Amino acid sequence: MHRHYRRLLAAAGAAVAVTVAAPLAFAAPQNGAAGGKGDQAVEVASEAELAATRPAFKMPFECGQVWLGSNWNGHSPAHSIDWNHYDSNGNPDDRGRRVFASAGGTVLESHYSTTTGYGNTIVIGHGNGWQTRYAHLKTRAVQKGAQIKVGQKIGQVGATSAKYTLSPHLHYEQIHNGRTVVAVVQGVTWHDFTKRNQTSNNRCG
């Protein structure tokens with residue numbers, strides 16, 4: 001009888017423990033649900049981290065040149081910018097124009113990609129998880145491992161790709177911890193689906 005009573009008490013205690021523990025177990029996921037305050041807090045923290053560590057990226061072009069940037073719907077990866085230059089008559093004259101480092105750092109990649117559509121590609125690491133990618137280049141002027149300064153020539157605009165037939169332009173990405181993010185160039189934020197002219201202040205002395 002006493003053994004049976006002790007077993008009943010133990011079972012009841014376990015049921016109470018499960019009842020008490022269950023709401024605690026589900027509390028954290030509910031706070032982080034889509035659209036909840038948890039997500040907003042994470043997003044704010046992420047943006048604050050980006051702002052705190054992001055290098056002062058410049059346009060990757062000669063001082064005073066005006067380039068049309070386009071962050072178009074469906075561009076892959078999202079947040080990347082295609083840069084084009086036009087002559088005084090409005091005709092494209094991108095091919096062969098010099099490309100300069102957007103910020104100083106170490107060349108992490110310099111190769112012709114046969115597995116992606118990037119063609120001649122350069123990736124520069126800038127520290128704190130930041131990188132920039134420059135793709136479809138006609139030529140590459142730096143090799144992997146090179147230490148470079150902001151404004152140093154790294155290549156020329158082209159239209160190279162192992163997968164696509166392209167018109168000349170520079171494909172440009174700002175990457176943080178392996179993820180392409182919304183670019184900030186010379187203090188200007190390039191939100192998705194933006195198309196605008198911008199004047200380079202790189203190499204202005």
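**Exercise 1.** Is Trp-83 buried or exposed?

*Solution.* We work on a predicted model, and we begin with the cut-off, since a residue counts as buried when its relative accessible area is under 20%. For Trp-83 the relative accessible area is 0%, and therefore this residue is buried.

**Exercise 2.** Find the aromatic partner of Trp-83 in strand S13, and describe how the two rings are arranged.

*Solution.* The partner is Trp-190, whose ring centre lies 5.2 Å from that of Trp-83, with 70 degrees between the planes. In the chain, Trp-83 belongs to strand S2 (residues 81-84) and Trp-190 to strand S13 (residues 188-190), so that the pair links parts 107 residues apart. Trp-190 is buried too, because its relative accessible area is 0%, and Arg-196 lies over the face of its ring, at 4.7 Å from the ring centre.

**Exercise 3.** Decide how the rings of Phe-61 and Trp-67 are arranged, and which cluster they belong to.

*Solution.* Across the whole structure there are five aromatic pairs. In the pair of Phe-61 and Trp-67 the centres are 3.7 Å apart and the planes meet at 10 degrees, so the rings are stacked. Phe-61 has 0% relative accessibility and therefore counts as buried, and Trp-67, at 0%, counts as buried as well. Together with Trp-83 and Trp-190, these two residues form one aromatic cluster.

**Exercise 4.** What is the average pLDDT of the protein?

*Solution.* The average is 83, and 78% of the residues score at least 70. Over residues 1-45, however, the pLDDT is below 50. Where pLDDT is low, predicted coordinates should not be read in detail.

Key:
Residues are numbered from 1 along each chain as its sequence is written. This is a predicted model: local features need pLDDT of at least 70, side-chain atom pairs count only at pLDDT 80 or more; totals for chains, interfaces and linings use all residues. Side-chain values use heavy atoms; hydrogens and water are left out. pLDDT is the predictor's confidence in each residue, from 0 to 100. Contact means heavy atoms within 4.5 Å. Rings of Phe, Tyr and Trp (its six-membered ring) pair if their centres lie within 6.5 Å; planes under 30 degrees apart count as stacked, over 60 as edge-to-face and the rest as tilted. Buried means under 20% relative accessible area, exposed over 50%, partly exposed in between (1.4 Å probe, protein chains only). Helices (H or I, at least four residues) and strands (E, at least two) are DSSP runs, numbered from the N terminus. A charge sits over a ring if NZ of Lys or CZ of Arg is within 6 Å of the ring centre and within 35 degrees of the ring normal.
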